[in-house]
Amino acid sequence: MGPVHMAEPARRCRTAPVCFLVMDTTSNLGIGTKCILAGYTPASGEPRQIPIIQSTTFKYDSGDQLGALFNLEAAGYFYSRLANPTNDTVAAKIAALEGGTAAMLTGSGQAAEFYAVFNIVGQGDHLVSSSTIYGGSYNLFAVTMARMGVEVTFISPDSTDEELDAAFRPNTKAVFGETVANPALTVLDIERWAAAAHRHGVPLLVDNTFATPIHCRPFEWGADIVIHSTTKYMDGHGAALGGCIVDSGQFDWTAHADKFPGLTTPDESYHGVVYTERFGLGGAYITKATAQLMRDFGSSQSPFNAYILNLGLESLHLRMPRHAANGQAVAECLAAHPQVAWVRYPGLPGDPYYALGQKYLPQGSCGVVSFGVKGGRDAAQRFMGNLDLIAIETHVADARSCCLHPASTTHRQMNDEQLAAAGVSPELVRISCGIEDTADLVADVDQALTRL
Ligand SMILES: *Cc1c(COP(=O)(O)O)cnc(C)c1O
């Protein structure tokens, strides 16, 4: 089955205090044009680049005007903890890239993960999650949200339909997975996972950080909410932390009103507004997340970071193909080298996720490659020390290539047995290929292996 047809063109939404949906003027244009132009259309004489509205607050002529904003009755800005025009401009661009109806920026990817889930999953509720997800998201669900009374069932991304169905409970409110998982590099069968979520009346939330909308748009395969750590490829230069949540506007909260009372019954903290009634299916979820979660938790992105993020977005369509081409070339070099025990990259024929990669990421996945050096932990460390161009860093997905040995850094506290359970073997090295010349990266990897 092909991509789900989007009934309505992508639209943008000024997220707060009142969400109103505006036609995306780039909806008929290509994804690269959207990277450049979506979200901001200056009038004659206005700045060509998006203005940085570096202001915490906004001035009004009458108390009544401001009161209407606090009642969610009028559109406008009053305090940048809730919403800021620069941030909304960039969120609108990301909504257009993903094909969604509304979006919000957050101060980090972690804040976006938390808001996206907590907006609809609370105390006494249950979440189904893929087990191969980013370590930070795993901790958020398994430890911190557990302390808030949320139960999570982790299941393999390869679960059969029967195994998926068996994970649901009457109090399940959402399903979560990553398009291309960090660092496991599994590819989520989005269409099948979305179908399972919808069979049980709940939305599928997909972290699309590694694929980006250039290489996969999860809404076209039935996902309902998309989450990004914009810190990674979207910024792309290792310059600004950030996150983003996008709503497809396709999930019908009112058809499962009993499961989502926060969206379908009055919010007493806003004089009884019902989000689905006031803001429609396209705006309810993001307006609630802005009006409640940003108000109360305040993980807002700085407008200056949003400006930097927008610069990154302007070249996302040019950078992603190079990241993927470099990832592919380095994966092929590794796979052919006698010093290498195994390689994981969805673009390698023979990789367990090659078929799903061809389906969901036909133009390439990302620049991240995981592999094992022969000789275990010690050889992995020596390999990294031998690299000249590729730097040792706790980062992925930026213009400069970098690498990390999880067993001695991010997963350092675990012994070899625990590492195996987490899918991180002692010899695993993760390389994030940047956008340097392919031949230089391949030569660096090759010489570092040969000198082992
Ligand atoms: C980095 C990352 C996050 C967390 O994002 P931050 O911006 O570092 O908070 C979440 N999910 C994935 C897949 C990531 O790679």
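Is helix H11 (residues 303-313) mostly covered or mostly uncovered, and how many of its 11 residues are buried? In this predicted model, local features require pLDDT of at least 70 and side-chain atom pairs pLDDT 80 or more, whereas totals for chains, interfaces and linings use all residues. Residues are numbered from 1 along each chain as its sequence is written, and side-chain values use heavy atoms, without hydrogens and water.

Helix H11 is mostly covered, with eight of its 11 residues buried (under 20% relative accessible area, with exposed over 50% and partly exposed in between; 1.4 Å probe, protein chains only). Helices (H or I, at least four residues) and strands (E, at least two) are DSSP runs numbered from the N terminus. The buried residues of H11 include Pro303, Ile308 and Leu313. Their cover includes helix H1 (31-37), H3, strand E3 (102-106) and helix H12 (316-335).

Asparagine 84 lies in the loop between helix H2 (63-70) and helix H3 (85-98). Asparagine 84 counts as buried because its relative accessibility is 1%. Its side chain reaches the backbone oxygen of isoleucine 53 at 2.9 Å and the backbone nitrogen of threonine 86 at 2.8 Å.

Elsewhere, five strands form an open sheet of mixed pairing in the order E10-E11-E14-E13-E12, where pairing requires at least two DSSP bridges between two strands. Strands E10 (340-344) and E12 (391-392) are the edges, each pairing on one side only. Strands E11 (residues 368-373) and E14 (residues 428-432) run antiparallel and are joined by five bridges; serine 370 has arginine 430 in E14 as its bridge partner.

Technical notes:
A polar contact is a pair of N or O atoms within 3.5 Å; within protein, one must be able to donate a hydrogen and the other to accept it, and residues adjacent in sequence count only if both atoms are side-chain atoms. Contact means heavy atoms within 4.5 Å.
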